[in-house]
Amino acid sequence: MLRDTRGIKSVRIREITRAIILITGLVIPSVAAAGGLTELPREERKTYELLDPKLPTGESVFRTFKAQRAPPWKIGYASTYADNSWRASILDEFTNKIVPAFKKAGLVSEFIVTQSNLEDAVQIRQMRQMVDDGVDAIIICCSNLTALNPTIEYVYSKGVPVFSYSGYVTSPFAVNATENNMQGGFEAAKWLAEEIEGSGNVLLVSGISGFASSDSFDVGAKKALEYYPEIKIVGHVDGKWTDKVAQAEVQKFLAANPGRIDGIIVQSGAENGVINAVRQSGRDMIPIVLGGEASAACYWRRNPDFVSKSFHFWPPRSEAGFVWDVMMRTLEGQGPKIQTILRPAIPSTIEDVMADLPADCDPNSEDWIEPKNTAWWSASAAAKYFDNPADPLSWKPAD
């Protein structure tokens, strides 16, 4: 007689979940120095509970910063990569929504954009040129943890602050405004583990190995799977946060590895490519982590039993508004308390998707599903991270 183990698996998963909550939900990192993380309210410190140990959480050097010039300010955006829908949404949000609003308010004069195509040396030259061109602040994205640190210190010596989003740098002379990628990876893998009932073979699709956001996410995912000994990571490819790249890499993997795959952990910006790769392989569809791509959400809308939920790990337009808000508050002298301001992953349901997408949604859309209203970064949240909080758009310099 075959034994039905589904009930046993469900009990085991509940036990594991309770253990994870006990281990990860009650430990707040200790910080030896005063300032920084220790000053945040306890509720905000929860976002820092599962933390990449390299991520800086000390007091910000920009706490008493005053901009060298009065507004309007010239802003530089030293981007590293442009070839995916996430980056396109970020740039569109900056250039067509945020910058025009701040220009109208008399706070921004110019927005300079460069692309380094993943070359650290090129990004370094571009940042130095921005300083020579008289920018008042520089935004960077998804950069190497340490490669830019000497340049960031040079930029700081010229009175120009650097703001890193969606990933972080370890330099004390920058402000990181980013999601907690380790926590995001942990939540993604924990969800998938429960979705496949605690056992099976999993494929891991990273962003770009070596980049802070990608590596932190993977570390968190692997940490979660340590609680599920019957789950094995049987493959690992880089999807470069890009659907066409992820689709090609996953297709190659599936063709070369005909064995069973029970689920796929993929970093957002590539999940629709992974869905297409599985469909085109002729295999049955399996649970895949979703992170906000409208194209992947469209597949889910048409197949509501596909997965039980999705996440907002790094919603692009919300991320653009987040780092811009932190930058403007710092330029205005509002005083960031901590080197790294973190946001948590936010779950999303099929009901959210149905509200956001029509029944005839575009399966090839390059748009993204964003958190509702100010769920990612509200004014009330910002007030807890700054000494002198004020609405950055309506702020006026003192006479």
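Helix H4 (residues 120-132) and helix H5 (residues 149-157) pack at an angle of about 5 degrees, and their axes are 10 Å apart. That makes H4 roughly parallel to H5, a label used for angles under 35 degrees. The model is predicted: local features need pLDDT of at least 70, side-chain atom pairs count only at pLDDT 80 or more, and totals for chains, interfaces and linings use all residues. Residues are numbered from 1 along each chain as its sequence is written, and side-chain values use heavy atoms, with hydrogens and water left out.

**Helices H4 and H5**
- On the H4 side, the contact (heavy atoms within 4.5 Å) is made by Ile124, Met127, Arg128, Val131 and Asp132.
- H5 contributes Thr151, Ile152, Tyr154 and Val155.
- By class, this contact has six nonpolar, one polar and two charged residues; Ala, Val, Leu, Ile, Met, Phe, Trp, Tyr, Cys and Pro count as nonpolar, Asp, Glu, Lys and Arg as charged, and the others, Gly among them, as polar.
- Helices (H or I, at least four residues) and strands (E, at least two) are DSSP runs, numbered from the N terminus.
- Axes are lines fitted to C-alpha atoms, for helices over the stretch in contact, and angles run from 0 to 180 degrees between N-to-C directions.

**The six-stranded sheet**
- Six strands form an open sheet in the order S2-S1-S3-S4-S5-S10, with parallel pairing; two strands pair if DSSP finds at least two bridges between them.
- Strand S2 (108-115) and strand S10 (340-343) are at the edges with a single partner strand each, so one side of each has no neighbour in the sheet.
- From one strand to the next, the twist averages 15 degrees.
- Strand S3 (residues 137-141) and strand S4 (residues 162-165) are joined in the parallel sense over four bridges, and Ile138 has Val162 in S4 as its bridge partner.

**The three-stranded sheet**
- Another open sheet has three strands in the order S7-S6-S8, and its pairing is parallel.
- Its edge strands are S7 (231-238) and S8 (263-266), each pairing on one side only.
- Helix H8 (residues 243-256) lies across S6 and S7, at about 130 degrees to S7.

**Asp262**
- Asp262 is in the loop between H8 and S8.
- Asp262 counts as buried because its relative accessibility is 12%, and buried means under 20% relative accessible area (1.4 Å probe, protein chains only).
- The Asp262 side chain reaches the backbone nitrogen of Asn201 at 2.7 Å.

Technical notes
Buried < 20%, exposed > 50% of the residue type's maximum accessible area, 1.4 Å probe, protein only. Polar contact = N/O pair within 3.5 Å; in protein donor to acceptor, adjacent residues only side chain to side chain. Parallel < 35°, antiparallel > 145°, perpendicular 65-115°, else oblique.
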